[in-house]
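Hi there,

Here is the structure I promised to pass on to you. Have a look at it first, and then read on for my notes.

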Amino acid sequence: SAEEKLEGDEGQTMLNRLQEAVTKLRKRNDYSDSVSTLSLLIKRYAMVYSRAAAEVANVVQEDVNQNAETDRALHNFWIFIKSFGDTASWEKSEESLKQVFSHKENDPEFEDLMNDVGSSLQKLLTDPEFFTNAPQKFKELREKGKKVGTDSSLRDDIDALLAQVEITFQSVLNDKDIHNLLQTTLRIAHILSPAQAATNPDLLQDSFNVVIPLLISAIQYIPIPRVEVSTPEVDLLLENLIIEPGRTVNHTSFLPYRLKIETYNDLEFFKAKHRTAHKTTSLVTIKLDGLSVRAEEIGFWMRAHSGILRLADEGITSFALDDRGIDIHVDVEIGKEKLEQILTLKAVRVHVHKLDYTLRKSKFSWLAWLVKPLLRPVLRKVMERQLATALSDFFHAANREVLFARERLRATRISNPDDIVTFVKAVAARLTPEEDPDVYTRVGVAQPGKGVFKGVYAPGSVVKVWNEEGARAGERVEEFDAGGWRNEIFDNHVRNMS
């Protein structure tokens with residue numbers, strides 16, 4: 001064995017070599033300084049460890065006693081903690097903790113042991129004669145280490161504290177309320193992720209059929225206080241824009257009457273000049289039928305910059321796409337392995353079944369009413385064409401983003417980042433398109449305070465009345481106005497309807 005070999009000639013040879021190595025190293029000043037520093041650190045760390053409990057207790061006592069609010073907060077927190085599990089177990093843990101913090105004296109046995117360890121280490125590394133009696137010295141240190149803390153009250157108190165904390169923790173787990181909470185949490189986790197599957201298919205089915213439709217049905221209003229659009233052709237301001245679901249069959253919501261998704265997969269094999277090849281075609285048809293929206297009492301302000309008349313108008317309008325609403329059908333080809341086209345829009349069909357509008361407080365209200373039978377079909381066709389163009393632009397941009405994301409994913413995999421956060425950031429990084437300098441758009445609440453829309457409000461503007469009445473509120477209170485705090489903002493909708 002290794003012990004028998006070390007006791008023979010081989011052990012004596014190794015001992016002589018160690019003594020020679022230590023003798024040579026002692027001649028170097030930096031070696032002796034390093035050994036002395038290491039021994040001193042061991043001794044000092046031992047004293048810090050031995051006196052840590054008393055110092056922590058003193059610091060905590062000083063900080064807490066100087067702050068009454070902290071005393072009250074800690075007391076309330078302790079009452080809250082004791083409400084979980086067995087109160088008697090918490091009180092015993094508190095007593096054990098106080099007993100540990102009550103130690104003001106040091107642990108001399110531990111400090112003596114670490115001083116001996118530091119001195120022995122220094123002799124081991126600097127005194128060649130130490131190797132002769134090294135086994136006997138190590139045996140003494142082991143025996144002293146076994147006795148350290150055995151008769152020390154600090155060691156006993158710490159052991160008692162840890163045992164009592166374990167008992168208290170078990171009482172918390174056995175608490176009826178905590179037990180019910182843990183069981184309910186585990187039951188919910190089992191429902192979300194069963195043992196034999198990553199996800200619960202029934203839960204996903206219920207989410208698509210019940211939860212998501214209910215969430216969408218719960219949204220009945222989308223308020224947009226102010227919309228500003230400025231182009232070289234026209235400046236348009238819309239206020240009090242509240243989009244609502246149109247009146248339709250069953251119940252009113254932003255959900256379409258029918259959402260249908262059809263998939264078509266075509267696999268073709270053919271003989272090429274040099275080998276047999278195949279081609280896969282995947283088509284997806286998305287059908288949205290009965291999508292209805294409406295908005296009432298929209299204030300608008302418009303200034304046209306093109307044409308001979310240079311049209312300028314303002315007023316209040318409403319529109320409704322009710323009943324059957326709008327039907328949108330989209331045919332998209334998905335090519336995962338194609339180089340340039342992942343999403344290709346094959347066809348888009350938009351049909352507006354019904355469009356109605358009203359125009360008030362405008363210079364052209366009488367003309368809009370007069371030509372309404374002729375104007376509505378034109379507006380429907382223009383809306384269909386604009387929606388088709390917007391969908392085409394959307395799928396073109398989506399194809400570009402998906403294509404670039406695929407290339408970023410490929411490059412990120414090759415670079416092999418160190419963590420998942422860097423991986424996600426690299427894949428999600430994208431070049432933001434430059435804004436069109438001729439187009440200005442803004443969605444907000446108040447007027448911007450600069451530009452063409454500075455100080456401009458549409459008829460019936462809630463923000464305008466709010467600002468005007470708010471500016472006069474102080475004067476009205478000082479003058480003891482009979483109206484009190486109430487102002488005209490609460491009558492704004494009624495005044496617009498009259």
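A definition to start with: patches are made of residues with over 30% relative accessible area and no salt bridge, and nonpolar side chains are joined into one when they lie within 5 Å. Please keep in mind that this is a predicted model.

Leu 204, Phe 208, Val 210, Val 211, Ile 212, Leu 214 and Leu 215 make a nonpolar surface patch of about 670 Å². One of its members, Phe 208, sits in helix 10, which covers residues 201-218. Is Phe 208 buried or exposed? Its relative accessibility is 58%, so Phe 208 counts as exposed; the cut-off for that class is over 50%.

Now for the chain as a whole. The protein chain has 15 helices and eight strands. It has 498 residues, of which 26% count as buried. Its accessible surface comes to about 35000 Å², and carbon and sulfur atoms account for 59% of that. If you look at contacts between residues at least 6 apart in sequence, 66% of them join residues at least 24 apart.

Asp 289 belongs to strand 4, residues 276-304. Because its relative accessibility is 13%, Asp 289 counts as buried, the limit being under 20%. Which side chain does the side chain of Asp 289 meet in a polar contact? The partner is His 329, at 2.8 Å. Setting aside neighbours within four places in sequence, Asp 289 is in contact with Pro 256, Tyr 257, Arg 258, Ile 326, Asp 327 and His 329.

Most residues other than glycine have a negative phi. Asn 240, which is not a glycine, has a positive phi, near 60 degrees. This residue is found in strand 2 (residues 234-245), and Asn 240 counts as buried because its relative accessibility is 17%. Lys 361 is not a glycine either, and its phi is positive at about 55 degrees. Where is Lys 361 placed? It lies in the loop between strand 7 (356-360) and helix 11 (365-370). With a relative accessible area of 47%, Lys 361 is partly exposed.

Happy to talk any of this through when you have had a look.

Best wishes

Notes
Residues numbered from 1 in each chain as written. Predicted model: local features only at pLDDT ≥ 70, side-chain atom pairs only at ≥ 80, totals over all residues. Heavy atoms only, no water. Patch = residues over 30% accessible without salt bridge, like charges linked within 9 Å, V, L, I, M, F, W, Y side chains within 5 Å. Areas by Shrake-Rupley, 256 points an atom, 1.4 Å probe, with all protein chains shown as cover. Salt bridge = Lys/Arg side-chain N within 4 Å of Asp/Glu carboxyl O. Helix = DSSP H or I, 4+ residues; strand = E, 2+ residues; numbered from the N terminus. Buried < 20%, exposed > 50% of the residue type's maximum accessible area, 1.4 Å probe, protein only. Polar contact = N/O pair within 3.5 Å; in protein donor to acceptor, adjacent residues only side chain to side chain. Contact = heavy atoms within 4.5 Å.
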